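I opened this entry to keep track of what I looked up.

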Amino acid sequence: MASQQHLEKMQLRQNFRNLWHTDLMGTIQADTPYCCLAFWCGPCVSYLLRKRALYNDMSRYVCCAGYLPCSGRCGESRCPEFCLATEVFCCFGNSVASTRFLLQDEFNIQTTKCDNCIIGFMFCLQQIACIFSIVAMIVGSEEISEASQLLSCLAEMVYCTVCACLQTQHKIEMDKRDGKFGPQPVMAVPPPQQMSRIDQPFPPSVGYPQQPAYGQPYPYPPPPQAQGYPPAGYPPPNYPPPGYSR
């Protein structure tokens with residue numbers, strides 16, 4: 001029952017209207033130094049990004065942002081910093097994904113098809129590498145064993161690269177949230193129960209207004225201002241009115 005609810009939440013994310021400020025293909029160009037830092041020091045960056053996503057209020061911290069069955073049952077309230085450090089070092093992949101879901105649910109951000117393809121390729125490559133390793137262990141062939149090792153190294157490199165791009169994408173989005181790209185809509189810190197949305201009403205009303213990201217086309221149907229001006233049936237303008245003077 002719980003897994004079905006989680007699946008429904010993931011499907012509803014596809015209906016979000018906002019987009020990431022930078023897609024995965026553009027993260028390296030958008031912030032090269034931070035992407036390199038995320039590649040070489042992934043767990044440390046994941047720790048800092050989660051804390052920042054919680055508005056530096058660790059009293060809001062829940063293991064894996066509330067998206068796993070163990071969330072809230074690990075004594076997070078007593079030592080959130082230690083629990084977060086344990087999470088990012090022992091469950092690095094889950095920590096990156098949890099921060100991503102946290103930001104998506106807070107700001108109604110969808111994942112583009114291109115980003116889904118990159119993430120899906122990363123997972124498929126890991127599964128293929130695992131299968132080759134099992135076959136090499138069963139068959140005992142040195143050629144297959146060497147091939148499986150090369151494939152495993154390739155899968156690990158792709159995994160580390162994609163995770164670095166994901167974390168850079170999260171950092172850029174929070175830069176946007178914090179006004180580092182200029183004035184943004186006024187936003188308040190959401191209450192604690194809205195920091196994790198897996199068991200909350202969906203979608204929320206907190207975060208960016210539901211509008212396309214910069215440079216993105218409006219969804220169909222277009223807004224009134226895109227349908228021509230003045231609207232049909234609108235009386236012709238008569239400016240300035242008779243007797244008007246500055």
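**Notebook: rings, charges and surface**

I began with Y159, which counts as buried at 18% relative accessibility. Buried means under 20% relative accessible area, exposed means over 50%, and partly exposed lies in between (1.4 Å probe, protein chains only).

I noted the ground rules next. This is a predicted model, where local features need pLDDT of at least 70, side-chain atom pairs count only at pLDDT 80 or more, and totals for chains, interfaces and linings use all residues. Residues are numbered from 1 along each chain as its sequence is written, and side-chain values use heavy atoms, with hydrogens and water left out.

**Entry: the chain overall**

I looked up the elements. The protein chain has eight helices and two strands. These are DSSP runs numbered from the N terminus: helices are H or I with at least four residues, strands are E with at least two. From the N terminus, the order is α-β-α-α-α-α-α-β-α-α.

I then checked burial. Of the 246 residues of the protein chain, 38% count as buried.

Contacts came next (heavy atoms within 4.5 Å). Among contacts in the protein chain with a separation of 6 or more, 75% come from residues 24 or more positions apart.

**Entry: aromatic pairs**

How many aromatic pairs does a search of the whole structure find? It finds three. Rings of Phe, Tyr and Trp (its six-membered ring) pair if their centres lie within 6.5 Å; planes under 30 degrees apart are stacked, over 60 edge-to-face, and the rest tilted.

I looked at F39 and W40. Their pair is edge-to-face, with 5.0 Å centre to centre and 85° between the planes. F39 is partly exposed at 32% relative accessibility, and W40 is exposed at 69%.

F92 and Y159 also form an edge-to-face pair, at 6.5 Å centre to centre and 80° between the planes. F92 lies in helix α6 (residues 92–107) and Y159 in helix α8 (residues 142–177), so this pair ties together parts 67 residues apart in sequence. F92 is buried, with a relative accessible area of 17%.

**Entry: salt bridges**

I counted charged pairs. The structure holds nine salt bridges. Each is a side-chain nitrogen of Lys or Arg within 4 Å of a carboxyl oxygen of Asp or Glu.

K171 and D31 meet in one, at 2.6 Å from N to O. K171 is in helix α8, while D31 is in the loop between α2 (27–30) and α3 (32–40), 140 residues apart. K171 is buried at 15% relative accessibility.

R52 and D175 meet in another, at 2.7 Å from N to O. R52 lies in helix α4 (residues 42–53) and D175 in helix α8, so the pair ties together parts 123 residues apart in sequence.

K171 also bridges to D175, with the closest N and O atoms 3.0 Å apart. Both lie in helix α8, four residues apart, about one turn of the helix. D175 is buried at 5% relative accessibility. Salt bridges that share partners join D31, R52, K171, D175, R177, D178 and K180 into one network.

**Entry: charges over rings**

The charged end of K171 sits over the ring of Y34, 5.2 Å from its centre. The charged end of R177 sits over the ring of Y55, 4.2 Å from its centre. The rule asks for NZ of Lys or CZ of Arg within 6 Å of the ring centre and within 35 degrees of the ring normal.
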